[in-house]
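Work through the exercises below with the model open. Each task is followed by a stepwise solution.

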Amino acid sequence: MKKENGTLHRHANFPSRCAAPRRVDVWLPPGYATSGARYPVLYMHDGQNLFDPATATNGITWGVAETLTHLSRTGQARPALIVGIANSGPDRWRDYMPQKPLAVAAVRAVAVAFADRFNGPVQSDAYLQFLTTELKPFVDARYRTLPGQPDTFIMGSSMGSLISLYALTEHPHVFGGAGCVSTHWPAGGEALVDALAAKLPRPGAHRLYFDYGTVTLDADYEPYQMRMDAHLRAAGYTFGRDWLTRKFEGADHSEAAWRQRVHLPLSFLLPAN
């Protein structure tokens, strides 16, 4: 990666007692080495798709390093560390599907079908333990971070969007905001939407970004997202202040589409002012 776009540290086989070992990339913004400053941190799922075209789906990355560099240089977002957490391959769905909502009676049939399809039950609570008790302490100890909740964020797309929202509802004292891109609501349907909404933290101390396209997998998302938006309003979230939902006509379910609009969640979660 070009130095003007920051520096990438790779931890090729990050160990864990809670989850399968995986690659973790830590991106440091330009000026990190000389500034002496501390930075907010954005944790992102499916990290293999963020920085390196050689490992990204169809060779297209999210371009988050270049985008956040531009946003921070132009005063549209705060500079931040980005921690890209690669998925575990065959266990990706088991790691990313929200676990506690599947205990709700209306979703139990989904849990049974899920375990049958993916060769085992959901294990996202253990994955979140990995993030909050192993990875985050490592990042905060190794790098100059602002470790508090107001400066810690989480983001992903599709199933990575679901686990980001679940992380916020389960650990609101750890994460100050979540970016939920092309959320794969059909994984649990309306009952999952309702169960996650029931655990939303009180508005005022968190920021939530949602978006969706209108073709391929994203074509099915709008009714579920509208349901979540109604829950957010009822919970007292204010559109544009602590919650934002965007619809993108013609956008599909792909890294190329997410790359085109990643500046929006970055600037909403990490506003310059």
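**Exercise 1. Cover over a helix**

What covers the buried residues of H2?

Solution. Some ground rules come before the steps. The model is predicted: local features need pLDDT of at least 70, side-chain atom pairs count only at pLDDT 80 or more, and totals for chains, interfaces and linings use all residues. Residues are numbered from 1 along each chain as its sequence is written, and side-chain values use heavy atoms, with hydrogens and water left out.

Step 1. Locate the helix: H2 spans residues 64-73. Helices (H or I, at least four residues) and strands (E, at least two) are DSSP runs, numbered from the N terminus.

Step 2. List its buried residues: Val64, Ala65, Thr67, Leu68, Thr69 and Leu71. Buried means under 20% relative accessible area, exposed over 50%, and partly exposed in between (1.4 Å probe, protein chains only).

Step 3. Find the cover. It includes strands S2 (22-28), S3 (41-45) and S4 (81-85), together with helix H10 (263-269). Contact here means heavy atoms within 4.5 Å.

**Exercise 2. Overall form**

Determine whether the chain's radius of gyration fits a compact globule.

Solution. Step 1. Apply the rule: 2.2 Å times the number of residues to the power 0.38, with the radius taken over C-alpha atoms.

Step 1. Compare. For 273 residues the rule gives a value near 19 Å; the protein chain has 17 Å, which agrees.

Step 2. Along the principal axes, the C-alpha atoms fill roughly 55 × 40 × 35 Å.

Step 3. The protein chain holds 10 helices and 8 strands. Of its 273 residues, 55% are buried.

Step 4. Look at contact range. Among contacts between residues at least 6 apart in sequence, 76% join residues at least 24 apart.

Step 5. Finish with the surface. The accessible surface is about 11,300 Å², and 53% of that belongs to carbon and sulfur atoms. Areas come from the Shrake-Rupley method with a 1.4 Å probe; for residues, only the protein chains shown count as cover.

**Exercise 3. Nonpolar cores**

Which residues of the largest nonpolar core touch the most other members?

Solution. Step 1. Define the set: buried Ala, Val, Leu, Ile, Met, Phe, Trp, Tyr and Cys residues joined through side-chain atoms within 4.5 Å. In soluble globular proteins, nonpolar side chains tend to be buried together.

Step 1. The core has 50 residues, and Tyr43, Val83, Leu135, Leu165, Leu208, Phe210 and Met228 touch the most other members. Helix H6 (residues 159-170) gives the largest share of this core, 7 residues.

Step 2. Beyond four places in sequence, Leu165 touches Cys180, Trp185, Leu196, Leu200, Leu208, Phe210 and Met228.

Step 3. Note the other core. A second, separate one has 28 residues, including Phe51, Val64, Ala77 and Leu270.

**Exercise 4. Positive phi**

Are Ser182 and Thr216 buried or exposed?

Solution. Step 1. Recall the background. Most residues other than glycine have a negative phi, and most peptide bonds are trans.

Step 1. Ser182 has a positive phi of about 50° although it is not a glycine. Ser182 lies in strand S6 and is buried, at 0% relative accessibility.

Step 2. Thr216, also not a glycine, has a positive phi of about 50°. Thr216 lies in the loop between strand S7 (207-212) and helix H8 (222-234). At 52% relative accessibility, Thr216 is exposed.
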